[in-house]
Amino acid sequence: MPNPVTNVLIVGVGGQGTLLASRILAQVARQLGHDVKVSEVHGMAQRGGSVVTQVRFGQRVYSPLIAQGEADVILAFEKLEALRWLPYLKAGGQVIINDQSVDPLPVLTGAAKYPEGIPEKIQEVVPNVVVLNATELAIQCGNVRAANVVLLGVLTRLLGFDETVCLQALAKTVPPIALAINEQAFKLGMAAVK
């Protein structure tokens, strides 16, 4: 009997809310009756380092880790991180990219240049790519930090999740003081893709 598992790799840098996004996604999957496993890697996140979370859900999930070439979706909060983690995408997978650049330390020190044309390079090898300025949409909602939830709205739309279930999960995960902005951000993300 097949046991399909959906693998979502969420990548960004410290301070972009990747951990919160993974918790919301895991809550949605739980509410939909899935078994869920989550793994987080956030070394040096306070200094702008990579933050990676792996969310796996399905009828039965035995490991929280996504192997290289097994991710169904890469949700990238920053362009260079999308490129860095691209080897984890499976053939036919989906990439969602926030059109935002955050200079890593080598760029900040002048030892390297930030690569140009990252979304175009990814689109050359991946047919399913959504690029949007989630940061700008979050600013429209009143808080730039809600870009993670904008991207989560895009992801859940593409996964075909029910909006009501997602909003319930958001209410269970986000502090009440920030809920209204995050609900607006989530809806803008869902509306950004058809």
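The radius of gyration I use here is taken over C-alpha atoms, and the globule rule is 2.2 Å times the number of residues to the power 0.38. Please keep in mind that this is a predicted model. For 194 residues, the rule puts a compact globule near 16 Å, and the chain has 16 Å, so the two agree. Along the principal axes, the C-alpha atoms fill a box of roughly 50 × 40 × 30 Å.

Next, the secondary structure. There are eight helices and six strands in the chain. Starting at the N terminus, the order is β-α-β-β-β-α-β-α-α-β-α-α-α-α.

Now the helix pair. Two packed helices are described by the angle between their axes and the distance between the axes. Helix 1, residues 18-31, and helix 6, residues 147-159, have axes that come within 9 Å and cross at roughly 35 degrees. The crossing of helix 1 and helix 6 is right-handed. On the helix 1 side, the contact is made by Leu20, Ala21, Ile24 and Leu25, which meet Asn148, Val149, Leu152 and Leu155 of helix 6. Sorted by class, that contact has seven nonpolar residues, one polar and no charged.

The largest pocket holds about 270 Å³ of space. It is lined by 14 residues, and the closest to its centre are Leu20, Arg145, Asn148, Ala178 and Asn182. Its lining divides into seven nonpolar, six polar and one charged residue. Leu20 and Asn148 were also named in the contact of helix 1 with helix 6.

Key:
Residues numbered from 1 in each chain as written. Predicted model: local features only at pLDDT ≥ 70, side-chain atom pairs only at ≥ 80, totals over all residues. Heavy atoms only, no water. 1 Å grid on protein atoms, 1.4 Å probe; cavity = no way out; pocket = protein on both sides within 12 Å on 5 of 7 lines; lining within 4 Å. Points joined across faces, edges and corners; volume = space filled by probe spheres on them. Nonpolar A, V, L, I, M, F, W, Y, C, P; charged D, E, K, R; others polar. Axes fitted to C-alpha atoms, helices over the stretch in contact; angles between N-to-C directions. Helix = DSSP H or I, 4+ residues; strand = E, 2+ residues; numbered from the N terminus. Left-handed = near helix turned anticlockwise from the far one by under 90°. Contact = heavy atoms within 4.5 Å.
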